[in-house]
Amino acid sequence: MSKIGTALCLTYLLAILVCLGFALTAHGDPKGQFVFAQIPIALQGSLAAGLGFGPALARLSWPEAYLYLAGPTFVLLYAFGWLLTLVRKRLSTRR
């Protein structure tokens, strides 16, 4: 288990929860709700739109968008943390 990967995933989860908390407490301000709900998945959505998935994303509900965009982000963050852990171990054994 990668502690760095887990820390990266927990940090991203915390950012999602904070943004969704702000979106839910926008008290009827639809623009505020929209902005805070999209912040955690904005970069992934832009990448997907750039790859030609824009029309498919437009039909998704918020829970579906989070599932399809944030889900793979957790996998990539964990994999990146695991890779960093592996590199760190290999560098420490060479010394």
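Which helix is Cys19 found in? Select Cys19: it is found in helix 1. Keep that helix in mind for the second stop.

**Before you start**

This is a predicted model, in which local features need pLDDT of at least 70 and side-chain atom pairs count only at pLDDT 80 or more, while totals for chains, interfaces and linings use all residues. Residues are numbered from 1 along each chain as its sequence is written, and side-chain values use heavy atoms, with hydrogens and water left out.

**Stop 1: the whole chain**

Show the cartoon. The secondary structure comes to 4 helices and 0 strands. Helices (H or I, at least four residues) and strands (E, at least two) are DSSP runs, numbered from the N terminus. From that terminus on, the elements run α-α-α-α.

Now the overall dimensions. The C-alpha trace spans about 60 × 30 × 15 Å along its principal axes. The protein has a radius of gyration of 17 Å, but a compact globule of 95 residues would have one near 12 Å. That radius is taken over C-alpha atoms, and the globule rule is 2.2 Å times the number of residues to the power 0.38.

Switch to the surface. The protein exposes about 7000 Å², and carbon and sulfur atoms supply 73% of it. Accessible areas come from the Shrake-Rupley method with a 1.4 Å probe; for residues, only the protein chains shown count as cover. Of the 95 residues, 23% count as buried. Buried means under 20% relative accessible area, exposed over 50%, and partly exposed in between (1.4 Å probe, protein chains only).

**Stop 2: helix 1**

Select residues 3–24. Helix 1 has 22 residues and reaches 31 Å from its first C-alpha to its last, close to the 32 Å expected at 1.5 Å a residue. The expected span is 1.5 Å times one less than the number of residues.

Colour Gly5, Cys9, Tyr12, Ile16, Cys19 and Ala23: these are the buried residues of helix 1. Look down the helix axis: they fall within an arc of 90°, so they line one face of the helix. The arc is that of the directions from the helix axis to the C-beta atoms. An α-helix has 3.6 residues a turn, so residues three or four places apart point the same way.

Turn to the other side of helix 1. Lys3, Leu10, Thr11, Leu14 and Leu17 are exposed there. Then bring back the cover: what lies over the buried residues of helix 1 includes helix 2 (30–38), helix 3 (42–58) and helix 4 (62–94).

**Stop 3: the cysteines**

Return to Cys19. Cys19 is buried, with a relative accessible area of 12%. Cys19 touches Phe36, Ile39 and Pro40, not counting residues up to four places away in sequence. Contact means heavy atoms within 4.5 Å. Cys19 and Phe36 are 17 residues apart in sequence and 5.2 Å apart in space, C-alpha to C-alpha.

Next, select Cys9, which is buried at a relative accessible area of 14%. Its sulfur is 17 Å from the closest cysteine sulfur, in Cys19, too far for a bond. A search of the whole structure finds 0 disulfides. A disulfide is a pair of cysteine sulfur atoms within 2.5 Å.

**Stop 4: Gln44**

Move to helix 3, where Gln44 is found. Buried or exposed? Gln44 counts as buried, at 17% relative accessibility. Show its neighbours: Gln44 touches Tyr12, Leu69 and Thr73, not counting residues up to four places away in sequence.
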